[in-house]
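Hi everyone, thanks for coming. Let me put the model on the screen, and then I'll walk you through a few places in it.

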Amino acid sequence: MEITFQLSLILYFGAMVLGFLELFRNSKAITWTMLALLGAGFGLHTVSIMISYFMAGHLPITNPHEATSFFAWCIVFLFFVLEYRYKIGIMGSFIIPFAFALMLSSALLPMEVKPLAPVLQSSWLGVHTFFAFLANASFALAAGIGIMYLVQEHYVKGKKHLAGLFQRLPSLQSLDEINYRLITIGFPLFTVAMITGMLWADTAWGSYWSWDPREVWSLITWLIFAIILHARMVAGWRGRRAAVLSILGFVTIIVAFGGLKLLQTGQHVFL
Amino acid sequence: MRVLVAGLNHKSADVEVREKLAFGGEKLGAGLHGLKAVDGLREAVIISTCNRVELYTSVDEPDSASKNIMAFLGSFHGIQAGPLEKALYFHKDRDAVRHIFRVASSLDSMVLGEPQILGQLKAAFDFSLKNKATGVLMNKLLKKAISVAKRVRTETRIAESAVSISFAAVELAKKIFSDLSDKSVLLLGAGEMAELAAMHLKSSGVREIVVANRTYERGCELARNFTGRAVRFEEFPHEMLSSDIIVCSTGASDYVIKKSHMHHIMKGRKQRPIFMIDISVPRNIDPGIDGLDNIYLYDVDDLQGVVDANMGGRKKEAQKAEAIVAEEVEVFERWLASLQSVPAIVALRQRAEDIKNQELLKVINRVRLDEKERKAVEYMAAAIVNKLMHPPTAALKEDVEDRDNLIAIIQKLYGLNGDTNG
């Protein structure tokens, strides 16, 4: 773990603390400092990933440390895209903890770089994992926005305490729309990741699908988000239900990502 | 020159007295003109709103000026001294400055933090400025008051939350919907408060207002006021499929919208969120509806609760605002004190300059000097004067406690007589 990674971990931590402060205080200075710390952390994080990339010669996601770190990177990247588009500073309070938790676990996970098994040395590695991580990151953000929705709905339905955080959170409709947009971005990416994964499995092991636990969990995740989209279009499942489901979907991803890693089984053993 | 405020507000005087003393319309110009002629008064700004009539002035001596102002008000408005004396309050110097800052920051308003007062103050100041009724002191004071008010606005949340039921409704609508400009409002029945809420929603930019009233003609009339559209009362369930905000006050004695209706309607709306405001007493919308997803139902008590909580919040913010005002009064007082020594400095400099010129003239007349020598002598005289005058000037400019004393001493030492008190 080199210095750029450590520094970005510290910067993310600082940004997270400011994010918590932001929940209780209305201050542009806090928001700007939070974004600045996160931005600086993101820059160093990018450098850290690029160093590993050039050292390994492929996308650095072949051990748990690298994979979680890259996941965190994707979340922060998407956060900035969203922040640029919607300018909702308070979003940081809800999203940065995700990124920091992943960075922290990344720092604690094994980080030896094993040489890549020859069957896996393929350009599918980059394509499959890139789409998978970007998809998961958009689902992570959708879950964060979902939490924001539930908090804001709690205020509106509670009819009390309509000051402070209530004032700083965006409207329910905006949150619902952002949540929906993130899922409509994440879902096709996830689908592409599934397809490329199948093609890669075929070239590596000679079979598209082998009911490997990771594959099963991915299918479950895919189904959950397919249901979210379908229910929204057909039955108008929006707002609270969409928020809850997207949080559930992200929990599934975390289980698939973290839980299976602990078990270390299946073909995805390296991830 | 000292600051003096004379005035009355909603706390000191009833509306009957306030309206008698108001400087509305034509009266303002005449009033300002008359006020300027008051003995011992140098600058004046008149602010006249429905909650207050106040005169901001700079005077030579506050006590006698107060009497003169009272006499002026009595004769201008034709009011006897008794009731006038009871209604009026006077603030001088530091208290006057604080009062003006508090008024500008809306800390003295009937509805704490209401924003109109600042605009009214600006208008009053502009009027005096145009009529040349202000000078250095009032210009600085009023500009400062405006900037203090802005500081209070940005650094505290005193004006952030809605403190009337109809504004609370608008504020909630903005936290439920991202953009009001594509939302339509259905006005069910036509109570006064419902109309007010609809009007505020209209001015917040909603797309359309639809009125469904039991008397169709009355509905049409209302719809015209909002440049909206009227429908027959029976059609309201159909309208609810496409409306986003329902404002209900029908005067019916029972629920007009029931939970079972809403299940149906929400399905038809594909669960698009709906904000329902029930202003009727007794209530016209089944409160159980609030338990359904994507429906946000507020009745009068809910909205009143929001208003009360917001008012409490404003009071808390007002404490922060008072601290800002106190700080700014301090700053202004320092500036005002330094202003007092300006005439003394000018007189001192003038005296030195006069002596220098007299003595130079004597020398030049007595001794023959060529151009270069004359320049040298003039230069020397100027240098001696400047160096001698520097310490007393600097002392006068300094921020000292007993400035009056210092001014008196310097006047005596340098033989400065005449009017140097400003």
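Let's start with a pair of neighbours: the side chains of B:Glu208 and B:Arg207 meet in a salt bridge, with N and O 3.9 Å apart. By salt bridge I mean a side-chain nitrogen of Lys or Arg within 4 Å of a carboxyl oxygen of Asp or Glu. B:Arg207 is partly exposed, at a relative accessible area of 48%. On that scale, buried is under 20% relative accessible area, exposed is over 50%, and partly exposed is in between, with a 1.4 Å probe and protein chains only.

Before I go on, some housekeeping. This is a predicted model, so local features need pLDDT of at least 70 and side-chain atom pairs count only at pLDDT 80 or more, while totals for chains, interfaces and linings use all residues. Residues are numbered from 1 along each chain as its sequence is written, chains are lettered from A and ligands numbered from 1 in the order in which they are written, and side-chain values use heavy atoms, leaving out hydrogens and water.

Back to the charges. How many salt bridges does the structure hold over all chains? The total is 35. One of them pairs B:Lys92 with B:Asp63, at 3.5 Å from N to O. B:Lys92 sits in strand S4 (residues 89-92) of chain B and B:Asp63 in helix H3 (residues 62-77) of chain B, so this pair ties together parts that are 29 residues apart in sequence. Helices here are DSSP runs of H or I with at least four residues, strands are runs of E with at least two, and both are numbered from the N terminus. B:Lys92 is partly exposed at 37%, and B:Asp63 is partly exposed too, at 42%.

Now for a pair within one helix. B:Glu155 and B:Arg151 form a salt bridge at 2.9 Å, N to O. These two residues are separated by about one helical turn, because they are four residues apart in helix H7 (residues 136-155) of chain B. B:Glu155 counts as partly exposed, at 45% relative accessibility.

There is also a network: salt bridges that share partners join B:Lys11, B:Arg52, B:Glu54, B:Arg102, B:Asp108 and B:Glu322. Let's zoom in on one member, B:Asp108. Is B:Asp108 buried or exposed? B:Asp108 counts as buried, because its relative accessibility is 5%. You'll find B:Asp108 in the loop between helix H5 (93-104) and helix H6 (116-130) of chain B. The B:Asp108 side chain makes a polar contact of 3.1 Å with that of B:Asn9, and another of 3.3 Å with that of B:Lys11. A polar contact is a pair of N or O atoms within 3.5 Å; within protein, one must be able to donate a hydrogen and the other to accept it, and residues adjacent in sequence count only if both atoms are side-chain atoms. Leaving aside residues up to four places away in sequence, B:Asp108 touches several residues, including B:His10, B:Arg52, B:His99 and B:Val103; contact means heavy atoms within 4.5 Å.

The loop between H5 and H6 of chain B also holds B:Ser106. B:Ser106 has a positive phi of about 65 degrees although it is not a glycine, and this residue is buried, with a relative accessible area of 3%. B:Thr227 is another residue other than glycine with a positive phi, near 45 degrees, but B:Thr227 is exposed, at 65%. While we're on backbone, a cis peptide bond joins B:Val281 and B:Pro282, with omega about -5 degrees.

Finally, the interface. 28 residues of chain B are in contact with 28 residues of chain A. The two chains bury about 2,100 Å² between them, 46% of it on carbon and sulfur atoms; buried area is the accessible area (1.4 Å probe) that two parts lose on being put together, summed over both. Four salt bridges are counted between chain B and chain A. One of the bridges joins B:Asp302 to A:Lys159, where the closest N and O atoms are 3.0 Å apart.
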